[in-house]
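Let's take a walk through this structure together, one step at a time.

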Amino acid sequence: MLANLMLGMEAFTPYNLLLLMGGTVLGIVFGALPGVSSTMGVAVLIPLTYGMNPASGLILLAAIYCGSTYGGSISATLLNTPGTPASAATTLDGFPMTRNGRGGEALTEACIASFWGGIVGALALMFMAPVIANLSLAFGPHENALMAVFGLTIIVSLSNGSLLKGFISGLLGLLIATVGMDITTAFPRFTFGITALFGGIATIPAIVGLYSLTQLLSSVTEKTGVVTNEDNLKNLTIPKLKLKDLVRYPMVYLKCSIIGAFIGIVPGAGGNIAGYIAYNETKRASRTPEEFGKGCREGVAATESANNAVCGGSLIPMLTLGIPGNSVAAVLMGGLMIHGLNPGYSLFTRSAHITYPFLMGFFLAQFAFLILGLLGAKQFSKVVKTPKGFLLAGIGVLCVVGSFAASNNIFDVYVMLAFGVAGYFLKICGFDISAIVLGLMLGPLAEAGFIQAYSLNHYNLGNTLTDFLTRPLCVILIAVCILSVASPLISSRKKAKARA
Amino acid sequence: MSMRIKERISALVLGAVFTFSFLYSLAFPDIPSIMPKYFSLGGALLCAALFIRTFFLQYGGESAEAKGVEKRTIVLLAGAIAALTVYIVLITVVGYYVTTFAFIVVMARMIDPNRKLWQYPVVSLGVLVLIYLIFSMFLSVPLPKGILL
């Protein structure tokens, strides 16, 4: 452990600390802009890491992720428009505080609570990830295939509107993942003679297209220009920070952070869910529950500590088992792969010199946004005034650079465009983009696991299926998959019954 | 366009994609065909279910406002996709910096036409300077090359 911590000290080099601060600023700016989610921010800024060594690149991405999650609270508090979905619950008390002339106080509390949440999430990541990665050593091809299936069951949680459309999106992603040479026989599938497709669909351009370009096209068609409320910004005063402000609600920070970190580990449940659950729990335990929803500082503390704790938690299944817990983790997984790293045990052994500085960087990112957020809250709040035209044009330019620079190939830019346009049309028809990305990311893992298990059984389907049903770990994983599919279905049916 | 029509069109288009993939994958050898065959068959069946569902499901009514903005939305969307496509095509022909300058001016003016005219080229130039400093000078990230800059 000590040796690993020593490896993590590489995060303290001046270059990495500079990247940490820069990434945090970029993250806060992206998070504060309504319509620019953390996922889009990380996806569009991945090209910044291409020229860096992997550890530094990942530290930058960690800072962007943490910064953007905190940044989402700025527009949630000042405009009643969450900058990121994770901050949705912050509007419940953040915006009423702004209307009562306490916007500065709300921003300060959001920053401090985000810090504590982030710290708990980072500690969970640093101490739990290596242990879970160790457990993954017991996995063979059968278990790997089932882990991918488990990852795909997240689609059930993601598909709020229609489960049918969620499954179609997932299958589309899985089908797209089969493009390129087959892993066992090198037979080219769906390549239509195009050499650039032999290696498969490049992940980063596809993700940039699906998340960033799709969002860009959605924003273009929205009627609003600059979403600002000038009065809220003009009258914003940041109160002088007192030492007791840093630990005003210690039990709330601790309880909500643990809730957030735990929800983050569960694939499919994101920061928005954590925010609402933590808010409800804090309200339930509060001596003054009637204050909640009217501008209660404790409410902001609860939601922000929970949604930032999700960041660390969501990276645990991604780094250890290759299952992205949410859309940002999926994009970060693409960022790992671009640097030649694969999730799993090897990340904590062979690539420990990269992983531990990244984990330490993730921990330090919490301090970076605490300092920057407290010192520059007023300045960061001004980014919500960025003109929409220039913002979207700039994002378009970054999408192109990001897709091209991944492998110095213009074909990837066309892939990004195709995925972006197709993603937009699928989105307006109610299909889930994240389900497509999950299929795309987990398809190769599922196929490799299944084909290996199939070949171990001399290509006998009956024996392969028997293997899946008799190996103890497989049985546990199948039970977990069933539970993962059934529980959101049961809870949504209960809700529907309660409404009726 | 109502959600019912959108769902019907998407079910037909995606169903066609899945059916084509299924038929195409029948020509693959045994092992490489397993996954594409099952994924496309599953997708095609689910698309058929989605299409049939549109005849029975109750959809909420669409607001008059949503119908009113449709024409403006289509024009803006078509403009943005066209601008992006032309931008990407011209990058490797004309050159990255010249094309990016023109793209930012056109895109920003199209989305936000009420700003002062001088702002478009000035901001575009500023973005180019930033891109040059960050990507070319600081990070050495490769950018597309063309005849001009």
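Predicted model: local features only at pLDDT ≥ 70, side-chain atom pairs only at ≥ 80, totals over all residues.

Over all chains, the structure holds 12 salt bridges.

Start with R297(A), which forms a salt bridge with D245(A), the closest N and O atoms being 3.8 Å apart. That is within the 4 Å cut-off, so the pair counts. R297(A) lies in helix 14 of chain A, while D245(A) is in the loop between helix 11 (230-234) and helix 12 (250-265) of chain A, so this pair ties together parts that are 52 residues apart in sequence. Are these two residues buried or exposed? Both R297(A) and D245(A) are buried; for R297(A), the relative accessibility is 7%.

R297(A) has another partner as well: a salt bridge with E105(A), with the closest N and O atoms 3.4 Å apart. Here the link joins distant parts of the chain, since R297(A) is in helix 14 (residues 297-321) and E105(A) in helix 6 (residues 103-135) of chain A, 192 residues apart.

R102(A) forms a salt bridge with E105(A), and their closest N and O atoms are 3.1 Å apart. R102(A) counts as partly exposed, because its relative accessibility is 27%.

Next, turn to where chain B meets chain A. The contact involves 61 residues from chain B and 62 residues from chain A. About 5,400 Å² is buried between them, and carbon and sulfur atoms give 85% of that area. On the chain B side, I31(B), F39(B) and I88(B) lose the most area to chain A, together 12% of what that side buries.

How many salt bridges cross this interface? The rule finds one: K165(A) pairs with E7(B), the closest N and O atoms being 2.4 Å apart. There are also three residue pairs in polar contact between the two chains.

As for which elements of chain B touch chain A, those giving two or more residues include helix 1 (3-25) and helix 4 (70-94). Helix 2 of chain B gives the most, with 14 residues. By class, this side of chain B has 44 nonpolar, 11 polar and six charged residues.

Notes
Residues numbered from 1 in each chain as written. Chains lettered and ligands numbered in written order. Heavy atoms only, no water. Contact = heavy atoms within 4.5 Å. Buried area = accessible area lost by both parts, 1.4 Å probe. Salt bridge = Lys/Arg side-chain N within 4 Å of Asp/Glu carboxyl O. Polar contact = N/O pair within 3.5 Å; in protein donor to acceptor, adjacent residues only side chain to side chain. Helix = DSSP H or I, 4+ residues; strand = E, 2+ residues; numbered from the N terminus. Nonpolar A, V, L, I, M, F, W, Y, C, P; charged D, E, K, R; others polar. Buried < 20%, exposed > 50% of the residue type's maximum accessible area, 1.4 Å probe, protein only.
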